[in-house]
Amino acid sequence: MSFKSHMHVALAEARAAGARGEVPVGAVIVAPDGQVVAAAGNRTRELSDPTAHAEILALRAACAAAGSERLVDHDLYVTLEPCAMCAAALAATRIRRIYYGASDPKSGGVAHGARVFSHPQAHHVPEIYDGIAGDESAELLRDFFAARRPAAD
C-alpha cells in the first residue's frame with residue numbers, strides 16, 4: 001500500500017477558514033480504509049468558541065461518525081502543528097498518525113512549546129510527520145496575517 005496524502009483537503013479547509021476571517025488552519029481525519037471521515041477549518045470567531053480549532057472540530061465529527069471517543073487506526077492531516085490543547089485531544093482519541101504542514105514555534109504543542117507527546121503523562125503517542133505541504137501551509141498563514149497588519153509608512 002502506498003502513501004497518499006490528504007493534505008490538499010486540509011489546505012482547502014484552511015483556505016475556506018481564511019475566507020471566513022478565521023486563522024487559516026484546516027484539518028482532515030482519514031479512516032483506515034483511506035476515506036476522509038471528517039474535515040474542518042478553524043471556527044473560533046464564528047462560533048465564539050476558543051476550542052473550535054480545526055483539529056477539535058474534525059475530531060468531534062469523526063468520533064460522532066465512528067460512534068466512539070477513540071479513533072484508533074485513523075490519521076490526521078492538519079496544516080499547522082497542533083497546539084497543546086489539540087495535541088492532548090489527539091492523544092485522548094488514540095489517533096494513529098499526525099501529518100502536519102507548518103511548524104508553530106510560538107504556539108505549537110508537538111515539536112515546540114508543551115511537547116505534549118514527550119511527557120510521561122501522555123497516554124498515547126501517535127506517529128508524527130511534519131513538513132507535509134509545509135511551505136504552502138506557512139504561506140497561507142503569512143499572507144493572512146500580513147493582510148491584517150497595518151501598512152508601514
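The crossing of helices H3 and H4 is left-handed, meaning that the near helix is turned anticlockwise from the far one by less than a right angle. This is a predicted model, where local features need pLDDT of at least 70, side-chain atom pairs count only at pLDDT 80 or more, and totals for chains, interfaces and linings use all residues. Residues are numbered from 1 along each chain as its sequence is written, and side-chain values use heavy atoms, without hydrogens and water.

H3 spans residues 54-66 and H4 residues 84-93. Helices are DSSP runs (H or I, at least four residues), numbered from the N terminus. The two axes come within 10 Å and cross at roughly 20°. Axes are lines fitted to C-alpha atoms over the stretch in contact, with angles from 0 to 180 degrees between N-to-C directions. H3 is therefore roughly parallel to H4 (angles under 35 degrees).

H3 brings Glu55, Ile56, Leu59 and Cys63 to the contact, and H4 brings Met85, Cys86, Ala89, Leu90 and Thr93. Contact means heavy atoms within 4.5 Å. Seven of these residues are nonpolar, one is polar and one is charged.

Now the largest pocket. Its volume is about 480 Å³. A pocket is an open set of points on a 1 Å grid where a 1.4 Å probe fits, with protein on both sides within 12 Å along at least five of seven lines; lining residues have an atom within 4 Å of a point. The lining has 23 residues, and Val23, Val25, Leu80, Asp104 and Leu141 are the closest to the centre. H5 (134-146) and H2 (44-47) each supply at least two lining residues. H5 gives the most, with four.

Key: Points joined across faces, edges and corners; volume = space filled by probe spheres on them. Parallel < 35°, antiparallel > 145°, perpendicular 65-115°, else oblique. Nonpolar A, V, L, I, M, F, W, Y, C, P; charged D, E, K, R; others polar.
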